[in-house]
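This briefing walks through one protein model, topic by topic. Please keep the sequence and the structure in view while reading.

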Amino acid sequence: VEKVHWIMAKGVGGFSNIAQWRNGMRAIGINTKQTIRQALPAIARHMRDSIRSRVPPGSASGNFPGYASTGGLQRAIVAGPVRDTGKRFSATVGLSSRANRITKIKAYVHENGMTIHAKRYKYMTFRIGGKWIKARQVRIRAKHFFRDGYAEGRANFPATLNRYMRMNWPPK
């Protein structure tokens, strides 16, 4: 699963009118770079939560009643710390580097879709709605929880930054 990087630099980020934001913030005496750096953890958490909300169990997109996920995949999606390289800030949002191999495989399969086949036995066995089903292969449709969650987080960047500014203004 590809990690998502959120970088704030000149003209780069979640919205195109960043120059207007900077000018407005400078006009009232706010240090733009420092403010965005302080807001980035909240923005990364929002993006992480946008991705997590799409992963079953608990996601509205799942219509398969026998889905076997226990929440491990949701918990494996994390927001990393903010890194400062001088002119840029970045926060990594994605699958934890500590996630086990099976969790990484599940994330890949559910993000991109795939057909899984019985390997060790002739059939895979699933319990769906109280009934046992045997299958030699199962098609897992692509759910795009990373892609769609990232897109939502990116689209909501201005609102998340605005919310952070309102909660933390004036500076303490």
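A residue is called buried when its relative accessible area is under 20%, exposed when that area is over 50%, and partly exposed in between. By this rule, buried residues make up 34% of the 172 residues in the protein. The model is a predicted one, and its mean pLDDT is 77, with 73% of the residues reaching 70 or more.

**Overall layout and confidence**

- The protein has 6 helices and 7 strands, and from the N terminus on these elements follow the order β-α-α-α-β-β-α-β-β-β-β-α-α.
- Among contacts between residues at least 6 apart in sequence, 63% join residues that are at least 24 apart.
- Strand 1, residues 4-8, has the lowest mean pLDDT among the elements, at 37, whereas strand 4 has the highest, at 92.
- Over residues 1-15 the pLDDT stays under 50, and for this stretch the model has 57 contacts beyond four places in sequence.

**Helix 4 and its ends**

- Helix 4 covers residues 101-112, and at 1.5 Å a residue its 12 residues should span 16 Å, which agrees with the 17 Å between its end C-alpha atoms.
- After helix 4 comes Gly-113, whose phi is positive, near 80°.
- The buried residues in helix 4 are Thr-103, Ala-107, Val-109, His-110 and Glu-111, and what covers the buried residues of this helix includes helix 3 (72-76), strand 3 (89-95), strand 4 (114-117), strand 7 (137-140) and helix 5 (145-155).

**The largest nonpolar core**

- In soluble globular proteins, nonpolar side chains tend to be buried together.
- The largest nonpolar core in this model has 24 residues, of which Ile-51, Leu-95 and Phe-146 touch the most other members.
- Two or more residues of this core are given by each of helix 2, helix 3, strand 2 (77-84), strand 3, helix 5 and helix 6 (157-167), and the largest share, 7 residues, comes from helix 2.

**Salt bridges**

- Side chains of opposite charge can pair when their charged atoms come close.
- A search of the whole structure finds 2 salt bridges.
- One of them joins Asp-49 and Arg-48, whose closest N and O atoms are 2.9 Å apart.
- Within this pair, Asp-49 is partly exposed at a relative accessible area of 36%, while Arg-48, at 19%, is buried, because buried means under 20%.
- Arg-54 forms a salt bridge with Glu-152, and here the closest N and O atoms are 2.8 Å apart.
- Arg-54 lies in the loop between helix 2 (32-52) and helix 3, and Glu-152 lies in helix 5, so this pair ties together parts that are 98 residues apart in sequence.
- Both partners are partly exposed, with a relative accessible area of 22% for Arg-54 and 28% for Glu-152.

- Where does Gln-38 lie? Gln-38 has its place in helix 2, and its relative accessible area of 41% makes this residue partly exposed.
- Although Gln-38 and Asn-168 are 130 residues apart along the chain, their C-alpha atoms are separated by 9.9 Å.

Conventions
Residues are numbered from 1 along each chain as its sequence is written. Side-chain values use heavy atoms; hydrogens and water are left out. Helices (H or I, at least four residues) and strands (E, at least two) are DSSP runs, numbered from the N terminus. The expected span of a helix is 1.5 Å times one less than its number of residues. Buried means under 20% relative accessible area, exposed over 50%, partly exposed in between (1.4 Å probe, protein chains only). Contact means heavy atoms within 4.5 Å. pLDDT is the predictor's confidence in each residue, from 0 to 100. A salt bridge is a side-chain nitrogen of Lys or Arg within 4 Å of a carboxyl oxygen of Asp or Glu. A nonpolar core is a set of buried Ala, Val, Leu, Ile, Met, Phe, Trp, Tyr and Cys residues joined through side-chain atoms within 4.5 Å.
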